[in-house]
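Please look through the sequence and the structure shown here before reading on.

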Amino acid sequence: MNDRATMIRGLIAAQPARAGGVVDHLRCVCQAAVGALSASGTGISVLADDGSRSVYAASDPLSEQVEELQFLLGEGPCLEAFDRRRPVLIANLADEAMTRWPGYAPEAHDRGVRAVFAFPLQIGAARLGVFDVFRDHPGRLSDQHLADALCFADIAVEALLDRQRDAAEAPGGPAHDGVTEAVAHRAELFQAQGMVMVQIQGSITDAAARIRAYAYVENRSLGQVAHDIVAGDLRFAADH
Amino acid sequence: MTTVSAQRLASIFVEVADTLVEEFDLIDFLHMLTDRTADLVGAAAVGLMLADGRGNLEFMAGSDENVKLLELFQLQTREGPCLEAYRTGQAVINVDLSAATARWPRFAPRATASGFQSVHAFPLRLRSQVIGALNVFGDTKGGDFSGADVPIVQSLADMAAIALLQERALRRGEALTEQLQGALNSRIVIEQAKGAVAYANGVSVDEAFTRIRNYARNHNRKLTDVAQALVNDRTTPPELD
């Protein structure tokens with residue numbers, strides 16, 4: 001499990017970085033995911049509850065186009081995954097998808113897409129966007145590809161939560177445990193997010209980002225920080 | 001745990017069938033199932049774990065949700081009866097916790113310290129796939145399951161697995177994965193809501209959960225929807241104060 005996550009982080013780090021910063025890091029995530037998931041392309045879109053949305057990163061220009069298609073047409077697996085807060089896995093776009101998304105499916109099909117797998121980027125009620133995997137051949141994701149896709153999605157969530165942090169620092173490499181590794185204190189971490197949300201009078205996404213930023217600066221694990229928050233030993237002030 | 005009453009078992013089956021025909025909330029359903037299972041077999045606590053897409057077990061619902069019990073479930077992402085039942089697809093029956101330290105060095109002593117004497121786990125099976133496990137804790141010595149109890153509790157576990165397959169899922173294999181991932185995320189929303197309500201009202205997270213659950217029941221709303229609204233709207237319904 002964790003070996004797999006380490007392997008995937010290695011694949012991402014091996015991608016040639018250009019500008020640095022979170023956008024560039026997420027492009028590396030997209031490009032690494034293409035090979036790891038036998039995809040023809042991948043994309044990450046950032047959506048917010050207020051309705052704003054944009055393509056944040058893509059593995060290649062064609063995938064960026066397909067990703068944008070959903071926003072132009074106002075429908076597609078990515079938007080549905082965001083709305084329903086769960087993955088939308090379409091193994092054959094030529095099938096039922098044509099009636100499900102009469103605008104999107106034919107357009108994506110014309111651009112060579114045969115299967116789409118959309119994963120919401122979220123932690124509970126904190127929603128950040130969607131990670132889309134495109135394939136030029138129909139067929140289900142294998143169990144391993146599914147597990148790996150979820151891992152890529154976790155890494156994208158972490159990167160998006162950390163995006164306000166100094167863009168100059170090495171992306172994706174915080175020393176503390178990430179979303180995937182914080183198994184031992186999972187429930188506490190989510191409870192802490194709820195508490196901090198009330199403390200800072202912000203959104204649950206802001207709360208999750210603040211906890212991560214604090215853990216990073218203090219060089220402590222997310223689990224330890226969450227424990228202190230739930231125990232009442234640590235509280236955050238409204239307004240940063 | 002003595003042999004199960006046929007009457008009570010029948011009434012549970014009716015309740016389950018009744019839930020499954022309407023639109024239902026999976027987490028509410030799993031809570032109901034763990035409650036009824038605990039009742040039926042006279043267990044001290046019953047909980048249910050589902051595997052996420054990465055093969056990790058996550059706690060989904062329990063007849064009781066206090067912090068200590070949640071810890072016992074979290075430990076089982078690494079070792080314990082749920083993980084064994086999940087990995088082998090076989091039920092783990094009548095394990096004396098005081099004699100299980102070699103088998104589960106971290107889990108067994110913690111469970112004993114929490115007042116439990118025995119533990120059982122039943123795989124949640126869906127066709128050839130194992131998707132999680134149902135965990136039963138006993139707090140009396142010699143309260144073991146009889147041979148007749150085992151298939152009954154297993155059938156309750158099977159019902160939980162079936163609940164994961166809603167109508168449309170029967171047509172598409174992917175729908176199970178979609179449903180599971182959605183349910184796992186809903187569970188996270190519940191934890192976030194517990195934290196928010198606990199802090200806003202100055203109560204423990206256990207008490208916060210009780211309040212959220214009671215509010216959902218009294219207003220005939222889904223637990224997941226109430227939790228979602230609490231976190232997204234950031235308004236605490238007055239009954240939760």
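Predicted model: local features only at pLDDT ≥ 70, side-chain atom pairs only at ≥ 80, totals over all residues.

The C-alpha trace of chain B spans about 50 × 45 × 40 Å along its principal axes. Because a compact globule of 241 residues would have a radius of gyration near 18 Å, the 18 Å of chain B agrees with that expectation. Of the 241 residues in chain B, 46% are buried. Among contacts in chain B between residues at least 6 apart in sequence, 64% join residues that are at least 24 apart.

Chain B is divided into domain 1, residues 6-164, and domain 2, residues 185-240. Taken over C-alpha atoms, the centres of domain 1 and domain 2 of chain B are separated by 24 Å. Where the two domains of chain B meet, 8 residues of domain 1 are in contact with 9 residues of domain 2. On the side of domain 1 of chain B that touches domain 2, the elements giving two or more residues are helix 2 (26-41) and strand 2 (57-62) of chain B. By class, that side of domain 1 of chain B has 3 nonpolar, 1 polar and 4 charged residues.

The next step is the contact between the chains, in which 32 residues of chain A are in contact with 29 residues of chain B. Two or more residues on the side of chain A that touches chain B come from each of strand 3 (88-90), strand 4 (115-123), helix 7 (143-161) and helix 8 (186-200) of chain A. Helix 8 of chain A provides the largest share of this side, 11 residues. The residues on this side of chain A divide into 21 nonpolar, 6 polar and 5 charged.

How many of the residues of strand 4 of chain A are buried? This strand of chain A is mostly covered, with 9 of its 9 residues buried. Ala115(A), Phe117(A), Phe119(A), Leu121(A) and Ile123(A) point one way from strand 4 of chain A, while Val116(A), Ala118(A), Pro120(A) and Gln122(A) point the other way.

Strand 4 of chain A also pairs with other strands. With strand 3 of chain A, strand 4 of chain A pairs in the antiparallel sense over 3 bridges, and Phe117(A) in strand 4 is the bridge partner of Leu89(A). With strand 5 (residues 126-135) of chain A, strand 4 of chain A pairs in the antiparallel sense over 9 bridges, and Asp132(A) in strand 5 is the bridge partner of Ala118(A). The hairpin of strand 4 and strand 5 of chain A has 2 residues between the strands, and in this hairpin Gly124(A) takes a positive phi near 60°.

Helix 4 (residues 77-84) of chain A is mostly covered as well, with 6 of its 8 residues buried, namely Pro77(A), Cys78(A), Leu79(A), Glu80(A), Ala81(A) and Phe82(A). The buried residues of helix 4 of chain A pack against strand 1 (41-47), helix 3 (61-73), strand 3, strand 4 and strand 5 of chain A. Just after helix 4 of chain A, Arg85(A) takes a positive phi of about 60°.

Terms used
Residues numbered from 1 in each chain as written. Chains lettered and ligands numbered in written order. Contact = placed C-beta atoms within 7 Å. Helix = DSSP H or I, 4+ residues; strand = E, 2+ residues; numbered from the N terminus. Nonpolar A, V, L, I, M, F, W, Y, C, P; charged D, E, K, R; others polar. Rg over C-alpha atoms; globule rule 2.2 N^0.38 Å. Buried ≥ 20, exposed ≤ 12 C-beta atoms within 10 Å, placed from the backbone. Domains from an automatic or database assignment. Pairing = 2+ DSSP bridges.
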